[in-house]
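This report describes one protein chain for a reader who is new to structural work. Please keep the sequence and the model in view while reading.

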Amino acid sequence: MDKSKILTLIKTKIADKIQKFESLIEETRASNNDTKSSMGDKYETGREMLQQEINNLQRQLNECLQQQLLVQKINGDPASKVQNGALVKTDKGLFYIAASVGEIIFENQKIMTVSSESPLVKAMAGLTKGQNFFVNTVSQTIKEIW
């Protein structure tokens, strides 16, 4: 498997999310400016709700920026054990350990991108091909590591 192409897909997905959040923040700020009025508390409440939405979007944007920084540190070198940047095939599926951006399809295969902080990765961290591990009492075997 070409991990560098998978990594490029992940970077693109994160960049798209960052752009989406930046757009939403800009649009929400513009609508917040449009609600300025001398009508009283009703408008102040609306403006506060918009500000809370901006804060929420900003938090999500910051998470995406952190993911982007993390993914930029990953190289496409082959891995011999489960670690950040490894592509791991178990008897339950394919997992790319980087940032949690969901499922991606690569060469007609589903690959789940998972964070190194996830319970799944913590359970299999440092293991090598052929070893077993448990997540929620479900046994899995590492079939391959790239």
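Glu103 counts as partly exposed, at 40% relative accessibility. Glu103 is found in strand β3, which covers residues 102-106. Helices (H or I, at least four residues) and strands (E, at least two) are DSSP runs, numbered from the N terminus.

Leaving aside residues up to four places away in sequence, Glu103 touches Lys13, Lys110, Ile111 and Met112. A contact of this kind means heavy atoms within 4.5 Å. The C-alpha atoms of Glu103 and Thr113 are separated by 6.1 Å, and these two residues are 10 residues apart along the chain.

## Basis of the model

The model is predicted: local features need pLDDT of at least 70, side-chain atom pairs count only at pLDDT 80 or more, and totals for chains, interfaces and linings use all residues. Residues are numbered from 1 along each chain as its sequence is written, and side-chain values use heavy atoms, with hydrogens and water left out.

## Overall architecture

The protein chain contains three helices and six strands. Along the sequence, these elements follow the pattern α-α-β-β-β-β-α-β-β. The radius of gyration of the protein chain is 20 Å, well over the 15 Å that the globule rule gives for 146 residues, so the chain is more spread out than a compact globule. This radius is taken over C-alpha atoms, and the globule rule is 2.2 Å times the number of residues to the power 0.38. Taken along the principal axes, the C-alpha atoms fill a box of roughly 70 × 35 × 25 Å.

Of the 146 residues in the protein chain, 32% are buried. Among contacts with a separation of 6 or more, 56% come from residues 24 or more positions apart. The protein chain exposes about 8900 Å², of which carbon and sulfur atoms supply 48%. Accessible areas come from the Shrake-Rupley method with a 1.4 Å probe; for residues, only the protein chains shown count as cover.

## Salt bridges

How many salt bridges does the rule give? The count comes to three, where a salt bridge is a side-chain nitrogen of Lys or Arg within 4 Å of a carboxyl oxygen of Asp or Glu. One of them joins Glu63 and Arg59, with the closest N and O atoms 2.8 Å apart. Both residues lie in helix α2 (residues 41-72), four residues apart, about one turn of the helix. Glu63 is partly exposed, with a relative accessible area of 43%, and Arg59 is also partly exposed, at 44%.

In another salt bridge, the side chains of Lys122 and Glu117 meet at 3.8 Å, N to O. Lys122 is exposed at 54% relative accessibility, and Glu117 is exposed at 56%. A further salt bridge links Glu144 with Lys129, whose closest N and O atoms are 3.3 Å apart. Glu144 lies in strand β6 (residues 138-145) and Lys129 in the loop between α3 (119-124) and β5 (132-135), so the pair ties together parts that are 15 residues apart in sequence. Glu144 is partly exposed at 25% relative accessibility, whereas Lys129 is exposed at 53%.

Key:
Buried means under 20% relative accessible area, exposed over 50%, partly exposed in between (1.4 Å probe, protein chains only).
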